Amino acid sequence: MSCIVEIALACPLRQTFDYLSDEPVEHWQPGMRAVIPFGSRQLIGIVIAIKPVSEISTGKLKKIEQQIDKQSFLPVEIMQLVQWVSRYYHHPIGECFQAALPKKLRLGDSDEMQTETYWALQQIPDSKPGKKQQQILDLLEDYPEGLSEKALRLQLGNVKSSLSALAQQNVITARQHVALPVPCLELQLAVSLNNEQKQSVEQVIAEKEQFSSFLLQGITGSGKTEVYIEICREFVENQQQVLVLIPEIGLTTQFVERFRHSLATNIVVINSSVSDADRKQAWLLARSGKADIIIGTRSAVFTPMLNPGLIIIDEEHDSSYKQQDGLRYHARNVALMRAKTLNIPIVLGSATPSLETLYQVKLKRYQLLRLTKRAGGATLPNIKLIAANKTADNNGLSSVLINSIEKHLQQNHQVLLFINRRGFAPVLMCHECNWQANCRSCDAKMVVHQHQNRLFCHHCGLIQTLPKKCPECGHSELKSYGVGTEKIEQALTAIFNDVPVLRIDRDSTQRVNAFANMVKQINQGQAAILVGTQMLAKGHDFHDVTLVGVVDADQALFSADFRATEGLAQLITQVTGRAGRGKKSGEVLIQSEQPEHPFWKKLLQDGYEAIAENLLAERIQMELPPHGFWAVWRAEAKEADLAMQLLQQVAELLQQTASGVMILGPVPALMEKRAGRYRAQLLMRSADRASLHQLIDQHIEAVSKLKLARKGRWSIDIDPTELI
Ligand code: ADP
Ligand code: ZN
Ligand code: ZN
C-alpha cells in the first residue's frame with residue numbers, strides 16, 4: 001500500500017510538499033530523510049507527516065526516489081523544536097532543518113556511527129614485555145573497556161608494532177567499538193569551591209528535575225567555569241547529558257580542556273574547527289546518549305540528546321549567539337524554549353549579562369546566582385582613564401601608556417593591548433586633492449592592510465592593491481589615518497624591539513593552529529606584548545598579563561545603535577577582566593578622547609552592573625527592548641530605491657490590520673549600500689508579542705508574492721540585535 005508523505009525541503013518557499021511513496025505507511029516516521037525530485041533537481045527532505053490523503057490529486061504527485069533512513073532519524077523533540085523555530089522566526093521550515101543538521105547528515109550520509117579498533121587486556125603475559133609494551137599494559141589496566149589505538153598513539157607515540165606483538169601472544173585483544181572521544185588520561189583533582197561557588201552549584205542541583213532558569217553572574221575570573229564543571233559532574237553521574245553552548249571564537253580549546261581534565265566522561269565538541277566527519281560523529285554520539293557532555297557553538301543548540309539533563313550557556317551576552325543571516329535565530333532563545341519543553345534547568349553565565357537576561361531577573365523569571373569575588377585569591381585590577389590626543393600621540397599610543405607598558409615588561413610581565421580594528425589604518429587619503437580610498441560597493445572606507453600590501457573592505461571583502469600614488473591626482477604621498485592592530489604592532493615593535501609582539505586578530509589566526517600556538521607561547525609566561533581585537537577580550541585566562549591597555553574605545557559612544565553602549569560596557573569589562581588573573585595583581589589603562597564622558601565615570605566608579613541597571617531603566621522608560629517586542633523587515637536590491645519601495649508596500653499591507661503594533665519606516669539602513677546593494681528596513685514594535693507575530697503571519701504570504709519582493713531580497717528579523 002502506498003502512502004502520502006509530507007516533506008520539508010530546503011527552499012525559500014514557505015510550505016511543505018506532498019510526495020507519493022511506494023513504501024507502506026508503517027515504514028515511515030516523521031523526522032526521516034528522503035530523496036525526492038524537485039523541478040529538475042534531486043533534493044533531500046525531512047518527513048513532517050504521513051497522510052492518508054493529499055489536497056493535491058494523487059495523479060499529480062511525484063514519487064519519492066529513496067527513503068534514506070529506515071529507522072527514526074530526528075527525535076520528536078527536535079522535530080517540534082525546529083517547527084517552533086520556523087514559526088517563531090517566520091522562516092521556511094526546510095531551511096530551519098538545514099540549520100539544525102550537521103552538513104554530512106544534511107547531504108544524506110548514513111546515520112551509522114563510526115567505529116574504531118579498541119584494545120583491552122586479555123591475560124597476563126608469560127614473559128616480561130618490552131618497555132613500550134609495558135606502558136600499553138599499564139594504561140589498559142585503567143581502562144577495562146579498552147582504549148582506541150588513537151588514544152594509545154596520542155599518549156605513547158607509535159604503538160603499532162607493540163600492539164601486534166601483544167596481540168599475537170593473546171595478552172590483549174581487539175574489537176570494533178563505536179568511536180568515542182579520546183579520554184583525557186591525566187585528570188586533575190577537583191578544586192575546592194568557595195562558598196559562593198558551592199551555593200551556586202547547590203541551587204541549580206536543587207532544581208535538577210524541572211525547568212528553571214538561572215543567571216550565574218560572576219565577575220571575570222570568579223570561577224564560573226569551575227561552577228559549570230561541578231554542576232555537570234552531578235548530572236553526568238546521574239546518567240544525564242549536558243549541552244554547553246559557548247561563543248564562536250578561538251577560545252574553545254582552553255574551555256574544553258578544562259572540562260576534559262576535570263571530568264572522566266565522554267565530551268564531544270561541535271564547532272567550526274571540528275571536521276565535518278567529527279561533527280557528524282559528535283551529533284550521533286549525542287543522539288545515542290553516548291556523549292555525556294556536548295560543547296558547541298550556536299548551531300549546537302539543535303543537537304539531539306537521549307537523556308537531556310541540563311543546558312549551560314557560557315558568556316550568554318555574546319553576540320555570536322544570534323545568527324545574522326538566513327535563519328536569524330538566537331541560540332539563547334532557542335535553548336530556553338528547549339529547556340522549557342524538556343522540563344530541565346538552564347544556566348546562563350556571564351560577567352556582563354545582557355539587558356535581556358537582567359530584565360528577566362528583574363521580572364523574577366530567572367534566579368540570580370552571584371560570584372562576587374575572584375577565585376583563588378586573585379584581585380580585580382585597578383582601572384584608570386587616560387586622555388588620548390590623536391595628533392600628539394605616537395601612532396595612537398599615549399606616552400602614559402607607553403611608560404606603563406615599559407614598567408610591566410621590566411618586571412617580566414605580559415601586556416595586552418586591545419584595539420577593536422584589524423588592519424593597519426582605517427583611512428587612506430591624499431592631501432593634495434582630498435581623495436579617499438572608499439569601497440566601490442559599500443558606503444564604507446577601505447582599510448589599509450600593510451602586511452599584505454592591500455586595501456580591504458571589511459564589509460564586502462573587496463580587495464585592492466595598496467596604491468603607491470593618488471589615483472585621482474597622481475600625487476605620490478598618500479597618508480593613512482587612525483589605528484588598527486597592525487599599526488600598533490609596528491609601533492610597539494619599534495619601541496620595544498627585544499620583546500615579542502604577538503598580534504592576535506582574524507588575519508593572524510587564519511591558519512589552522514595559529515591561535516593555539518600563540519596561546520601556547522603566551523602561556524610560557526615570558527615578557528610579551530599581545531595586541532588584539534575582540535578575540536582577546538573573550539574568556540581567556542592568561543595568568544601573566546598584568547597590564548591591559550584599551551587603545552581606542554570611544555566610537556561606540558556615538559553610535560546610532562541604541563545597543564552600542566551596552567556592547568561597549570560589556571567589552572570594556574571583559575577586556576579589563578583579562579588583567580591580573582594570576583597571582584600578580586593587574587592594572588588597566590583606557591585611552592579615550594572623551595575621558596569626561598559620563599559613561600566612563602559610571603563604569604569606572606560603579607561597574608557594569610550599575611551601568612546595566614541605568615541602561616535597562618532607560619530602555620524600559622523609552623519602551624525599547626528588552627521591554628516590548630520588535631521585528632524588522634529588511635530588504636536589499638541592486639537598484640537604488642527598490643528596497644525602500646518594497647518595504648513601503650509591506651508597510652501598507654501591515655497597516656491594514658495593525659492594531660497594537662506600531663509600524664515605523666521604512667528607512668534606509670545606516671550603511672545604505674553594502675556589497676553593491678542598497679538596503680532598507682521597516683520596524684514593527686509592540687508591547688504584546690502575540691499581536692506582533694499574528695500581524696506577521698497575516699501578511700507574510702502576501703509579502704512574498706509582491707512583484708518587488710521577487711526582484712530584491714527580503715527577510716524578517718525577530719528580536720533583532722543589530723540595526724545597521
Ligand atoms: P570565570 O569563568 O568566571 O572567568 P574561571 O572559572 O576561569 O573564571 O576561574 C578563574 C581562575 O580561578 C581559573 O584559573 C580557575 O582555575 C581558578 N579557580 C576557580 N575556582 C577556584 C577555586 N574555588 N579555588 C581556586 N582556584 C579557582
Ligand atoms: Zn590626490
Ligand atoms: Zn565593500
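## The Cys-439 zinc site

The zinc ion (ligand 3) is held by Cys-439 (SG), Cys-442 (SG), Cys-457 (SG) and Cys-460 (SG), at 2.2 to 2.3 Å. Donors here are N, O and S atoms within 2.8 Å of the metal (3.2 Å for Na, K and Ca), and with water not among the atoms, sites may look incomplete. The 4 donor atoms of ligand 3 make angles of 105 to 113 degrees, and the site is tetrahedral. Four donors get that label if all angles lie between 85 and 135 degrees; square planar (four) and octahedral (six) need opposite donors over 155 degrees apart and all others between 65 and 115, and anything else is irregular. For reference, the ideal angle for four tetrahedral donors is 109.5 degrees.

Along the chain, the donors of ligand 3 are spaced C-x2-C-x14-C-x2-C. Cys-439 counts as buried at 5% relative accessibility, and Cys-442 is buried at 5% too. The burial classes are buried under 20% relative accessible area, exposed over 50% and partly exposed in between (1.4 Å probe, protein chains only).

## Ground rules

This is a predicted model: local features need pLDDT of at least 70 and side-chain atom pairs count only at pLDDT 80 or more, while totals for chains, interfaces and linings use all residues. Residues are numbered from 1 along each chain as its sequence is written, chains are lettered from A and ligands numbered from 1 in the order in which they are written, and side-chain values use heavy atoms, with hydrogens and water left out.

## The Cys-430 zinc site

Helices (H or I, at least four residues) and strands (E, at least two) are DSSP runs, numbered from the N terminus. Cys-430 is buried, with a relative accessible area of 0%, whereas Cys-473 is partly exposed at 41%.

## Helix H14 and its cover

Helix H14 (residues 485-495) has Thr-485, Glu-486, Lys-487, Ile-488, Glu-489, Ala-491 and Leu-492 as its buried residues. Their cover includes helix H13 (399-410), strand S17 (414-418), strand S19 (447-449), S22, strand S23 (501-504) and strand S24 (528-532). Contact, here and below, means heavy atoms within 4.5 Å.

## Aromatic rings

A search of the whole structure turns up 10 aromatic pairs. One is Trp-84 with Tyr-88: the ring centres are 5.1 Å apart and the planes are at 20 degrees, so the pair is stacked. Rings of Phe, Tyr and Trp (its six-membered ring) pair if their centres lie within 6.5 Å; planes under 30 degrees apart are stacked, over 60 edge-to-face and the rest tilted.

Trp-84 and Tyr-88 are 4 residues apart in helix H1 (residues 76-88), which means about one helical turn between them. Trp-84 is buried at 16% relative accessibility, and Tyr-88 is buried at 9%. Together with Tyr-89, Trp-84 and Tyr-88 form one aromatic cluster.

Elsewhere, Arg-33 lies over the face of Phe-73, 4.0 Å from the ring centre. The test for this asks for NZ of Lys or CZ of Arg within 6 Å of the ring centre and within 35 degrees of the ring normal.

Glu-230 sits in helix H8 (residues 224-237) and is buried, with a relative accessible area of 15%. Leaving aside neighbours within four places in sequence, Glu-230 is in contact with Ala-190, Leu-193 and Val-201. Its side chain also joins that of Arg-233 through a polar contact of 2.9 Å, meaning a pair of N or O atoms within 3.5 Å; within protein, one must be able to donate a hydrogen and the other to accept it, and residues adjacent in sequence count only if both atoms are side-chain atoms.

Thr-576 is in helix H17 (residues 564-576) and is buried at 6%. Arg-713, in strand S30 (residues 713-718), is partly exposed at 48%.
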